[in-house]
12 protein chains.
Amino acid sequence: MPKPIFVLNGPNLNLLGVREPAIYGSETLADVGRRTQARAQALGLTVDFRQSNHEGELVDWIQEARESASGVILNAGALTHTSVAILDALNAAEKPVIELHLSNVFRREAFRHHSYVSAAAQGVICGFGAKGYELAIEAMANILAGR
Amino acid sequence: MPKPIFVLNGPNLNLLGVREPAIYGSETLADVGRRTQARAQALGLTVDFRQSNHEGELVDWIQEARESASGVILNAGALTHTSVAILDALNAAEKPVIELHLSNVFRREAFRHHSYVSAAAQGVICGFGAKGYELAIEAMANILAGR
Amino acid sequence: MPKPIFVLNGPNLNLLGVREPAIYGSETLADVGRRTQARAQALGLTVDFRQSNHEGELVDWIQEARESASGVILNAGALTHTSVAILDALNAAEKPVIELHLSNVFRREAFRHHSYVSAAAQGVICGFGAKGYELAIEAMANILAGR
Amino acid sequence: MPKPIFVLNGPNLNLLGVREPAIYGSETLADVGRRTQARAQALGLTVDFRQSNHEGELVDWIQEARESASGVILNAGALTHTSVAILDALNAAEKPVIELHLSNVFRREAFRHHSYVSAAAQGVICGFGAKGYELAIEAMANILAGR
Amino acid sequence: MPKPIFVLNGPNLNLLGVREPAIYGSETLADVGRRTQARAQALGLTVDFRQSNHEGELVDWIQEARESASGVILNAGALTHTSVAILDALNAAEKPVIELHLSNVFRREAFRHHSYVSAAAQGVICGFGAKGYELAIEAMANILAGR
Amino acid sequence: MPKPIFVLNGPNLNLLGVREPAIYGSETLADVGRRTQARAQALGLTVDFRQSNHEGELVDWIQEARESASGVILNAGALTHTSVAILDALNAAEKPVIELHLSNVFRREAFRHHSYVSAAAQGVICGFGAKGYELAIEAMANILAGR
Amino acid sequence: MPKPIFVLNGPNLNLLGVREPAIYGSETLADVGRRTQARAQALGLTVDFRQSNHEGELVDWIQEARESASGVILNAGALTHTSVAILDALNAAEKPVIELHLSNVFRREAFRHHSYVSAAAQGVICGFGAKGYELAIEAMANILAGR
Amino acid sequence: MPKPIFVLNGPNLNLLGVREPAIYGSETLADVGRRTQARAQALGLTVDFRQSNHEGELVDWIQEARESASGVILNAGALTHTSVAILDALNAAEKPVIELHLSNVFRREAFRHHSYVSAAAQGVICGFGAKGYELAIEAMANILAGR
Amino acid sequence: MPKPIFVLNGPNLNLLGVREPAIYGSETLADVGRRTQARAQALGLTVDFRQSNHEGELVDWIQEARESASGVILNAGALTHTSVAILDALNAAEKPVIELHLSNVFRREAFRHHSYVSAAAQGVICGFGAKGYELAIEAMANILAGR
Amino acid sequence: MPKPIFVLNGPNLNLLGVREPAIYGSETLADVGRRTQARAQALGLTVDFRQSNHEGELVDWIQEARESASGVILNAGALTHTSVAILDALNAAEKPVIELHLSNVFRREAFRHHSYVSAAAQGVICGFGAKGYELAIEAMANILAGR
Amino acid sequence: MPKPIFVLNGPNLNLLGVREPAIYGSETLADVGRRTQARAQALGLTVDFRQSNHEGELVDWIQEARESASGVILNAGALTHTSVAILDALNAAEKPVIELHLSNVFRREAFRHHSYVSAAAQGVICGFGAKGYELAIEAMANILAGR
Amino acid sequence: MPKPIFVLNGPNLNLLGVREPAIYGSETLADVGRRTQARAQALGLTVDFRQSNHEGELVDWIQEARESASGVILNAGALTHTSVAILDALNAAEKPVIELHLSNVFRREAFRHHSYVSAAAQGVICGFGAKGYELAIEAMANILAGR
C-alpha cells in the first residue's frame, strides 16, 4: 500500500472556523481535513493530516516524512516567512513538496512576500481558501503519477 | 449562456513544446489549450484561450474581458514582473483573476520573484507545468460558483 | 498655421467614464478630448488628441511629434513608471513636454512615485482629474508664447 | 463673504526676482503675489499671500487656515522634503491643499524627489515658474466649486 | 468575576535576578510577578503570569487568551523581533495587547528596533525595568475601563 | 523645593481636543496639562507644561531644563522623526528623559518608526492617549527616587 | 547557403542621423545597415537588418531567429533595461547573441547600467558608435567559425 | 572535577550519516559524538553532547550551561541565521562560546552568511566536516587553560 | 572698508564651555568668538560672530550675508544633517562658504556623516575643536585674496 | 613615428593558457600579445604589451601613457571592480581608453558587474576571449583616425 | 618529499607582538611562525611562512603556490575584505585553501564581515589568536590526507 | 630633536602641476612640499614629505611612522575610499593623524564620500588646494602642543 501524503499545518491554523466565521467561513480545520481526505480517496491516495504551533514539531514531522510519506503539502502559516529550519528539513526529506496558503500572501504585508518554503517546493497554490487543499491533492497526484 | 473564462498567455509561451521538448515536454500551447477546454467543459464552462507577445494586445484583451468574460486566468510570462499597465487593466476589469505560471518562479532569478499581477489576483498557482491550467480552471469554477 | 499640440494618453485611459462612473465621473475620454480642444481653441491653439495601450505606438507618435507638433502633453498611464523607451523618444523630440496625471500619483502605491517622464518634462500637473487637461493647455500656451 | 485662499511660501522664496534675474526672471515674490491676487479676483476669490523662513511659523499659519481659509496653496520650498510637522498640520487643517513648486523638482537632486506635502495634497503643479501660481488658483477654484 | 490579564514573558526572562544582580538588580521574575499582582489587586484586577522559552508555547497561551483573558501584556523578549506566528496569534486573540520591554530596545542593536508585536499592540512601554510591569497594568486597567 | 519636571509638547499638539473630538476625544491639551499636574502633585512633584510649533523654541526649553528641571518628558510630535538638534539638546541636558506619544507610532507610516528622541531617552511610552502622560509622571517619579 | 545574422535594433534607433547630426553624425540607420552588410559580405556572411519601436515585435523577430538566423546582434535601445520578455526570447532562441550599444551606457544614468540582455549574451560591445556594428559582425564571424 | 563542555547541535543534524551517505559520509551524529569525546578525554576534558530540533530546548540547554558547563560549542544549524533568543541566551551564559559548522556557510546561500551566534562567540570554525568538532575541542581547551 | 566674514553657529553651540568642561574645555563660545576675531584682525579682516538654535534665523542670516558679508563660515551643528533650507540659502548667497565642525563628525553616528552644507561649501574643516575657527579664517582669507 | 598603444593587463592574466587549457584554450598571454601586435601592424600601428599583478605598477604605467602612448587598452582583471586609483590615473592620462575583458563579466558574480574603469573608457568590449584584443585594436584605430 | 604548505600573512601582521603586547600578547609573527612549523613537523609536514604589506606580492605568492605548495593557509588581514585579485589567484591555484583570522572578524566593524577569501576557501578558522595557526595546520593535514 | 611630521601622498598626486595647469595651478607636488616645509619651520617643526602610487608602500611608511614620526598628515588620494589596510596601519601607528584632500570630495562622485581614513583621523581638511597643507601643519602643531 502506498505511503500517505503528509498535509502539515503550522501555527494558528487550529483557529480556522472558530475565529470570525463571517469572514473565514464556518469550516474548521477538521472539516478541511475531511475534505482533503475525500479528494485523496477519490484519486486512490491516503492523507495524514496534522497541525502544530511548534516549529520543532513541524521539523520532526517533515523528517518523519522522509521515511513514511510519498509527498508533503505544507501550509506553514507564519513560519513560511521565518523558518530556515523548515527549509533545511524539506531539502533533507527528498520528497515532492507543495506550498499552500489560504489567502494570497502576496497581497498582504510585505514581510509575507518572502517564503523560505518556496525554495524547496515544486509548486505553490495560494488564495483559494479551503479549496486549495483539494487542488494541492490533485497536483500531488499528478506529480506522483509522473515519477 | 454564461460568458467564457479568458485564459491569456504572454510573451514566448507560443514556443511551448517546440523548444527543448526533452525538458519542457512535447505538449504545445495548442495541446494545453485543448486540455484546458476539456476540463472546463467537464465543469460546464467555456474558455477563450489566447497568446500574444505584445503587452498592448494583452491590455486590450483584459479590457475586453471586462465586458465579455466571467473571469481571467493569466500566465503573463515575463510581463508578470514589469507591466504596471497589465495590473491597471486587471484592476479595471473587475473580474476574478487567477495568476498562473508553468514553473515555480520563486526558485528562479530574483527579478522573477516580484509580480505586479499578484496585486490584482485572488490566487496564484505555479510550478505544476501544464497541469496548472486544469487546476486553475477548477479554482475559477469554485470562485464563480461562490458568487 | 501653427502645429498642433499632441495630447497623448497611455494604457487604460480609454476606459475613462465607462468604469465606475460614481467615482471617476461620467466624463469619457472623448469628453475630455472635447474639453481640451475647447480650451486650446480659446487660446488660439489646436490639439491632436490620441490614446493607445501599446508602448511602441506611443513611441511612434512622440517621434511624429518631432516633425508635426508644437508640444507634447503626455498622460502615459502605467507606462510612466516603466518605459525608458518613452523617455528616450521625448528627449529626441526636442519639444516642450508636460507630464499629466488624473490622480495624485504620489499618494498611491510606491511604485507609482517614480516617473521616467519627469526627466524629460518641463512641468508636472497631477491630481485635478479632467480639469488638469485644461490647465496643461494653458501652461503649454504660456511656454510656447515665451519661446 | 467667503474665506480667502492661503497662499503660503517657505524658506528662500523671499529672494525671488532679486537673485540672478537673468535666470529666474525679474519678477519678485511681491509681483507674484499681485499676479495671484488678480487671477483670484477674476474668479471671485480672495487670497492671503505670505512667506516665512521659519518652519514653526508655517505650521502656525496652516493651523490658522483651519479656521480662516477656504483652501491652502503651499510652496514649502526646501521644507517640502524634510518637514513632517507641516504634513501633520496640513492633515489637521482639513482643507483642500495644492502643492506648488516653481521648478520641476523631479529633475533636480534626488533628495528633492520626495515630498511630505504630497501625502496631504489633492494635486501638484510644478515646473511652470510664476505661471504655476495662476494655475493653482484656477485648480483651487475648480475644487471649491465642486464641493 | 472578570477574566484575568495574561502577562506573558518570552525566552531568557526566567534568568532575571539570577544573572548579574549588580547590573539587573536582585529582583527575580517571581518578584516581578508578585509586584504585578499587587498593582492589579489594587485596581480590582487579577493576573495570570507565565514564562516560556518556546515560541510554540507562547502561541498556545495567546490562543488560550482568546477565551480566558481580558487582555494580554506581552514581553516577548527576543521573539519580539522574529516571530510572525506570535503576531498572527495576537491578531486572532481580539483582545487589547500591550507590548513591554525591560530595557529601551531602541538604544540597543539595530535588529532589536523592529517589532512584530507592535503591529498588534495598542501601546508600548519600554525602558523602565520592573516598574514597567506596574505601568502596563495601570494602562490596561484604563483600556478595559474604556470599553 | 525640588525642581519641576518639564513636560514639553511639539508641533500640532495644541490642536488636541479641538480637531475631530469624536476620534481624539474632547480633552484639550490644557485638560491634559491639568491631569498631568494632578498626578505629579499626588506624588509630591511639580510640573512645567509647555507647547511649541517651533523646533528652535523646543531646543531653547531643553537647554533651560539643564538648569531648571529635574527631568524631561517629551512628546516631540513630528519633530521626533526629523530633529537631530533636539537629540543633541537632550544629550546636553544630562537629565532623565522619557519619550511620549499619544498614538502607537509603530502602527503608522514607516517614516514615523524612527525616533531621534529614543537615542537619548531612558524609556518610551506610546499608544495610551492622554493616560500616557500620567504613566510618564509615575515612571519619572520612580527614576528620580532611584537616584 | 548559411542562414543570415539577424541585426535587430530597438526603439528610437530609427531617428539616427536625423536628430542632431552635429552630435550623432549624419549617418542614418540605413547607412549603418549598409556598412554592416559590407563587413558581413567581406567575411562571407549575410545580414538581416531590422528596427522596431515595439517590444512585442522584437520578441517575434527573436523567435523567428530561432529557425532562420545563425546568430543575433541586438541593440535593444531602451528596452535593454526593462524587458524580461526579450531576455526570455533570447534564451529560447539558442543562438549566439551579441549585445550592442552606440554609446558607453555605463557612463550614462544609473538606470542604464543594468541590462537584461547581458544575461543571455556571449559578449558586449559598446561606446564605439556605428563602428561597433562592424566589430560585432567580426566577433560573430569568429564565434560561428568556432562552432 | 571540572564541568563538562556542552556540545550542542541544532535542527536536522540528527540526520547526519543517514541522509545521502555517498555525499555526507557514513559517520552518524553518534559517531561524531564519540570522536568528540575521545579528543576531549585526550586533553583531560569531558563533553556533554546533545541535539534538538527545538529552539526553545536549545535555549533551555544554554541556560543550563550557565550553571553546569565550562564552555559551549554550538552548531546551531539553521537557527544560526534566525534566532535572537539563542544569542540572548549565549550572552547570559557568560561562558566561552565556539561557533561550529560542518560546511563553509559563506559559500552557500546569502541568507546563511549572517550569524547571530557570531556576536556571542569567541571564535568560529567551519568547513572541515566532522573534523571541525575535534578542532573546536582543542580550541576550547586552549581558551579554558588561558583563564 | 571690506565686508565682514559671517561666522554662524547653529543649535546647542551656545552650551560650549558650560557643559562638561573636563571634556570640551572651559572655553565658551564667547571665548571662541574673541579668538576668531583676533586671527581675523591679524589678517586685516573683520568678523560678525552669531549663534542661534532656530533654523529660520540661520536662513535669515545667510540671506543677509548675500548683501553684507564677504564670506560665510558655518558650523551648523545638528542642522548640518537635516536642513535643505540652509543649503538653498547658501547657494543663493553666492559667497564663498566654509563648513566647520568642532569634532570629527565622520567618527560619530552614521546620521552625522551626511552634510547638506558640503554641497555648497568650498572646503571643510573638522575635528580640531576651537582651533578650527582660526584655520577657517586663514582659509577664508586665502580664498578672498584669490578672487 | 606615432606613439604606441599601451595594452595593459592586470592581476592573474599571466596565468592565461597555463591554467585549465581545456577551458581557457592553450593560448598564453604571450600568444595574445603577438596576435595583438599583428592586428596593429596590419593597421599601421604599434603596441606596448604589459602585465602586472600590482595595482601601483599599473598606475605608474597609465601615468607613463600620458606622455608616451597614443591610447590605452586596459584589461584590469580583478582591479576593474576595486581600484579608484586606476580610474584617477586614466582620467589624468587624457588619452582614449578602451575597457577589455576576456569573459562577459555581466554574467558572473554580482561584484563583477560594477567597473570603475568604465567611467573613464570610451567603449567596452567583453566576452570574446582573445579575439577581443583584435577588436579593441581596430576600435582604437578608428578612434585615433577620427581625431 | 612533499611540497610545503604556504602560510601567507597580509598587511600589518608584521606588527604582531610589537604593538600593545598587553593586549595582543608578546608573541611576534616570528614566534607564531615557529609554533606553526612545530605543529607541522609533528604531523610530518613542512611550512613556508611569509608576510607582505603588498597586495601584488601576495598575488605573486599564491600563483607560486600553484606550482610549489600542497595547500595555502591565508591570513590576508585587511585585504580579506577588498581584494578580488586575491580571490582570483586563489581560484587559479587549484589547491586547498584555509582562511584564517586572529580575531573574530564577525564581532568587529560591518565592513569586516564580508570576505572575498571565503568564496575560495574550504574552511574558516577565526577568533583563536595564534592558536588558530596550529588548528589550521591540523585541518590542512586532515584535508591532504583525505585526497 | 623632535621627530618629523610625515606628510604622505597617495596615487596620482605626483601629477600635480603637470596635468592641466590652467585648472589645478602650476604648482607641482615639489612646490607644495617646499611650502609645507616652510610653514613647519616657522612653527619649529620638521617634515618628511613623500609620495607613492603603491598601497603597500604607504602601509610600510605608516608603520615606519610608528617609530619615527610625531604625527601623520595623509592625502591618500583614491586609496582613501578603498584601503582597509591603510586604516589598520593608521590605527596601529598610535600617532595623531590628519586627513587631507585638495578638493572638497563631498561635492564629487558618491563613491568619494566615504573615507576609511576618517575612522582613524583626529580631523579632516579638504577643499582648499595646496593651502590645505599649511593649515594641516598648523593643526598638527596645535595637537602636538596639547599633548
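The elements of chain B that give two or more residues to the side touching chain A are strand S5 (123-126) and helix H5 (131-145), where helices (H or I, at least four residues) and strands (E, at least two) are DSSP runs numbered from the N terminus. H5(B) provides the largest share of that side, with 7 residues. By residue type, the side of chain B that touches chain A divides into 12 nonpolar, 6 polar and 5 charged residues, with Ala, Val, Leu, Ile, Met, Phe, Trp, Tyr, Cys and Pro counted as nonpolar, Asp, Glu, Lys and Arg as charged, and the others, Gly among them, as polar.

Across the interface of chain B and chain A there are also 4 salt bridges, a salt bridge being a side-chain nitrogen of Lys or Arg within 4 Å of a carboxyl oxygen of Asp or Glu. One of them joins Arg39(B) to Glu138(A), with the closest N and O atoms 2.7 Å apart.

## Basis of the model

This is a predicted model, in which local features need pLDDT of at least 70 and side-chain atom pairs count only at pLDDT 80 or more, while totals for chains, interfaces and linings use all residues. Residues are numbered from 1 along each chain as its sequence is written, chains are lettered from A and ligands numbered from 1 in the order in which they are written, and side-chain values use heavy atoms, with hydrogens and water left out.

## Extent and strand pairing of the B and A interface

Chain B and chain A each bring 23 residues to their contact, where contact means heavy atoms within 4.5 Å. Together they bury about 2000 Å², 55% of it on carbon and sulfur atoms; buried area is the accessible area (1.4 Å probe) that two parts lose on being put together, summed over both.

Strand S5 (residues 123-126) of chain A runs antiparallel to S5(B), and 3 bridges join the two, where strands pair if DSSP finds at least two bridges between them. In this pairing, Ile125(A) has Ile125(B) as its bridge partner.

## The interface of chains F and I

Here the contact takes 16 residues from chain F and 15 residues from chain I, and the area buried between them is about 1300 Å², of which carbon and sulfur atoms give 54%. On the chain F side, Gln63(F), Arg66(F) and Val84(F) lose the most area to chain I, together 33% of what that side buries.

Chain F and chain I share 1 salt bridge, in which the side chains of Asp88(F) and Arg112(I) meet at 2.7 Å, N to O. There are 7 residue pairs in polar contact across this interface, both residues at pLDDT 80 or more. Helix H3 (55-68) and helix H4 (84-93) of chain F are the elements that give two or more residues to the side touching chain I, and H3(F) supplies the largest share, 7 residues.

Asp88(J) is found in helix H4 (residues 84-93) of chain J. Asp88(J) counts as buried because its relative accessible area is 16%, buried meaning under 20%, exposed over 50% and partly exposed in between (1.4 Å probe, protein chains only). Leaving aside its neighbours within four places in sequence, Asp88(J) is in contact with Asn12(L), Ala78(L) and Arg112(L).

No contact joins chain E and chain I, whose closest C-alpha atoms lie 12 Å apart, and chain H and chain L do not touch either, with their nearest C-alpha atoms 21 Å apart.

Terms used. Polar contact = N/O pair within 3.5 Å; in protein donor to acceptor, adjacent residues only side chain to side chain.
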